[in-house]
Amino acid sequence: MTYRTLSTAHLSGKRVLLRAGFDLPMKDGTVTDTTRVEALVPTMKHILDAGAVLVIMAHQGRPKDGPDPEFSQKPIVPVLQKLLRVPVHFVSDCIGPEAESAVAKAKKGEVVLLENLRFYKEEKKNDPEFARKLAALGDVYVNDAFTNCHRDHASMIGVPALIPGYMGLSLEQEVKHLSAVLNAPERPLTLVVSGAKMETKVPVIRRFLSSGDHILVGGCIANTLIAAEGHKVGSSKYDAEGMADAKDLLAQSGGVGSATIHVPVDAVVAAELSDNAQKESVPVDQIQEGSAIFDLGSQSIESYVEIIRSSRTIVWNGPLGVYEVAQFAESTKVLAAAVAKATENGATSLLGGGDTIDFLNAFNFPLSAYTFVSMGGGAMLEFISGKKFQSLELLKE
């Protein structure tokens, strides 16, 4: 079964309700990284060039109790105007009379940007009435929000159940590239994974234990596995609640028919996280109380690079160290360069996650150096772990 895509949609004269995956980093009311908007420009231009009114709905952050200026979509208006060069009308609500009036007045080739969907708790609850009010703003629905496809929210599954739904161009590429990892990846297949919680990473690690060759770990995931091996990790952040899962995964590592989880053998530690902190590299069995792990040691990253060089498919989600402090970004920089070189030599590289993209932009690694960069973090991990998304099932023919 195939998906309904934009190439088959008749959009001329229609109101096209686009679910975008923005959720952009902002500071003092200004967007600081436009990568996710830029990724959707081809879809937005396709809709506008077809002679439609483009109505954009998206969420921003995690507002707790209704409307909050800190999480407004309004700062995205100048970004859209610069990239699309068409009139962009902002609406201070996402449903109701104001939104309906703005959409009715908009002309073909113009954009209406709705306010944050999550100002309504009904969005996350997939409330039927809320979904109906959103659907009333469009004739056609387009999903180009892979970042949110693993969520059963009103804008993701409620609306496409009410009006015809199609895949956006970015979402189409996401599904195409990530499906290749599930179906027939070229081996050796290597997963690089980092993050804070074992719970969110266990499904994808289990999947790669049975279908991949190597699993390279960083961040708190690595710290948790180091602790699970019986080493003391000082004052390092690790997932104490995930220790049972960590031990279970290590027990499966390297077995018959299983991939190998490569746990760091040395680490860069310091007493505090700062630009001026005195750091040192030590074996993981010599971490002292009061020291915390902030990056991988040189021996560990060298072994990771050797594995990357021999890999034919590389999936990477999450920086290895605390890259926000420059002196602890070294292992991630070495890894990024190694993955780029492997890609140049013919390997397939699939990267994703907000922190990964932020790292690449911060240290001037061009996204074009890799085969594909997913805009999703959690969605990417859940997809390649084999989970079915209701939001995508609704877009099938």
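Biologist: Which residues of helix α8 are buried?

Modeller: This is a predicted model. A residue is called buried when its relative accessible area is under 20%. In α8 that holds for S170, L171, E174, V175, H177, L178, S179 and V181.

Biologist: How many residues does α8 have, and what does it reach from its first C-alpha to its last?

Modeller: Helix α8 runs over residues 169-183, which is 15 residues. Its reach is 21 Å, close to the 21 Å expected at 1.5 Å a residue.

Biologist: How many cavities of 30 Å³ or more are there?

Modeller: Rolling a probe the size of a water molecule over the atoms shows where empty space is left. Here the count is 1 cavity. The volume of the largest cavity is about 40 Å³.

Biologist: Which residues line the largest cavity?

Modeller: S170 and E174 are among them, along with G21, R36, L40, D144, A145, F146, T147 and M375. Both S170 and E174 are also on the list of buried residues in α8.

Biologist: Turning to strand β16, in which sense does it pair with β15, parallel or antiparallel?

Modeller: Parallel, over 5 bridges between β15 (residues 313-317) and β16. The chain crosses from β15 to β16 through helix α13 (residues 330-344), in a right-handed β-α-β crossover.

Biologist: Which handedness does the unit of β16, helix α14 and β17 have, right or left?

Modeller: Right-handed, with α14 spanning residues 354-362. β16 and β17 (residues 372-374) pair in the parallel sense over 3 bridges, and G352 stands opposite S374 in β17.

Biologist: Is β16 mostly covered or mostly open?

Modeller: Mostly covered: of its 5 residues, 348-352, 4 are buried.

Definitions and conventions. Residues numbered from 1 in each chain as written. Predicted model: local features only at pLDDT ≥ 70, side-chain atom pairs only at ≥ 80, totals over all residues. Heavy atoms only, no water. Buried < 20%, exposed > 50% of the residue type's maximum accessible area, 1.4 Å probe, protein only. Helix = DSSP H or I, 4+ residues; strand = E, 2+ residues; numbered from the N terminus. Pairing = 2+ DSSP bridges. Right-handed = clockwise from strand over helix to strand, strands pointing away. Expected span 1.5 Å × (residues − 1). 1 Å grid on protein atoms, 1.4 Å probe; cavity = no way out; pocket = protein on both sides within 12 Å on 5 of 7 lines; lining within 4 Å. Points joined across faces, edges and corners; volume = space filled by probe spheres on them.
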